[in-house]
Amino acid sequence: MSSGNPVSGFPRRGNLKVPVFNSLYEKRLWMLEHMAGALRIFGRNGYNEGSAGHITIVDPVDPTSYWINPSGVHVSMITVRDLDHVNADGEAIGGSKAPFSMPGFKIHYQMHKARPEISSICHAHTFYARTFSVFGKKLGMMSQDSCLVYENHVVMDDYTNIGFDEVEGDKVSSVLGDEMAIILQNHGAMTVGKTVDETGYLLILLDFTCKAQLLADAVAANNDAVEQIIPDKVAKSAFDSISGPSSLYAALQPDYELEVFLSKGDFLQY
C-alpha cells in the first residue's frame, strides 16, 4: 500500500451509517482507518498511560486473524500503517509488526472466540472508570446517557493480579456474557461491539458516566441531597430508543470527522 486517502466512493462528512462494501479488502482498509481514528480520539481524551490500553478488530479478509495497536506508539500519533496484523497464535503476520501487548492480545483473543458476533474490543485505563471501579458496582441510571448501557454492563468484582494469559480472557468472557461492557474492579473498563466506532464510543461514554456518578455521589454525601434515579421501565425504554450498534456507531462519527479535520487526515496514512 502507498500513502493515500480514505476509501473512495463512500461519503464521509455527515454519513452516520456503516457503509456496505463490495470488497473485503476495501472493508479492511475502512476498518483500519476507523481503528486508527478511534485511537486518536482516545489520545485527545487522555486515554494513554504508558503502554496500557489496546484495541483489537477481527480482520474481515481472514477472520482467524486480528489487528491490534502497537504498544510503543502514543495513541495520539497512531496511523493506519502503525497497526499490527496478528494471527491466532499472537504472531505478527503483517502491518507494522511492531511490539504490542501480548497479555492484552491473549485476553482479547479469548473474548473474540467467546463472542464471534463482535468485531472489536476496546480497553483502556481511563481515569474515571478506573476510579469508579474500586467500588465494584454497576453504574446507576442517573441520566439519559447512563441508559445507553442499561442492563448491558457488568462488573468483574475482584482483582487478582495482572492477567498475562488466556485464563484471564476466559474469566473476563465468562463475566461479560452477552453484554456490551464490563467494569473491571481496580482496573478499568472494556467494551465490545460490531464496529470499532461502537466500542470506542462506549468506552468514552463509560468514562464520562463514571465521572458523573463520582461527582453526583460526592455531592449527595456532602449535602444530604437525594439522587433521583431513572426508573427501570423508563431506562429500558430509553435504551431501546437510543442505544444499539447503529446508534453507537453514529455517535462517534462527529469525533471521527473532527479528528480527520484537526489532523489533516494524518492518521489515514498507510
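**Group meeting: the sheet, a buried serine and a pocket**

Leaving aside neighbours within four places in sequence, Ser65 is in contact (heavy atoms within 4.5 Å) with Ile57, Val58, Asp59, His85, Val86, Asn87 and Ile93. This is a predicted model, in which local features need pLDDT of at least 70, side-chain atom pairs count only at pLDDT 80 or more, and totals for chains, interfaces and linings use all residues. Residues are numbered from 1 along each chain as its sequence is written, and side-chain values use heavy atoms, with hydrogens and water left out.

Let me stay with Ser65 for a moment. Ser65 sits in the loop between strand 1 and strand 2; helices (H or I, at least four residues) and strands (E, at least two) are DSSP runs, numbered from the N terminus. Its relative accessibility is 1%, so Ser65 counts as buried. Here buried means under 20% relative accessible area, exposed over 50%, and partly exposed in between, with a 1.4 Å probe and protein chains only. The side chain of Ser65 also makes a polar contact of 2.8 Å with that of His85. Such a contact is a pair of N or O atoms within 3.5 Å; within protein, one must be able to donate a hydrogen and the other to accept it, and residues adjacent in sequence count only if both atoms are side-chain atoms.

Eight strands form an open sheet in the order 4-3-2-1-5-8-7-6, with mixed pairing; two strands pair if DSSP finds at least two bridges between them. Strand 4 (92–95) and strand 6 (153–156) are the edge strands, each pairing on one side only. On average, neighbouring strands are turned by 20° against each other, direction ignored. For such angles, axes are lines fitted to C-alpha atoms, for helices over the stretch in contact, and values run from 0 to 180 degrees between N-to-C directions.

Where does strand 1 stand in terms of burial? Five of the five residues of strand 1 (residues 54–58) are buried, so this strand is largely enclosed by the rest of the structure. In a regular strand, side chains alternate between the two faces of the sheet. Both faces of strand 1 are covered, with His54, Thr56 and Val58 buried on one side and Ile55 and Ile57 buried on the other.

Strand 1 pairs antiparallel with strand 5 (residues 120–124) over four bridges, and there Thr56 has Ile121 as its bridge partner. Three bridges join strand 1 to strand 2 (residues 66–68), again antiparallel, with Ile57 opposite Trp67. Strand 5 in turn pairs antiparallel with strand 8 (residues 188–193) over five bridges, where Ala124 is partnered by Ala189. Helix 1 (residues 24–44) packs on the sheet, touching strand 1, strand 2, strand 3 (84–86) and strand 5, and its direction makes about 165° with that of strand 1.

Next, the second largest pocket. A pocket is an open set of points on a 1 Å grid over the protein atoms alone, where a 1.4 Å probe fits, with protein on both sides within 12 Å along at least five of seven lines; lining residues have an atom within 4 Å of a point. The lining comprises 21 residues, of which Met31, Val58, Ile118, Ser119 and Lys194 lie nearest the centre. Helix 1 gives the most to this lining, with four residues.

Finally, a backbone detail. Most residues other than glycine have a negative phi. Glu151, however, has a positive phi of about 55°.
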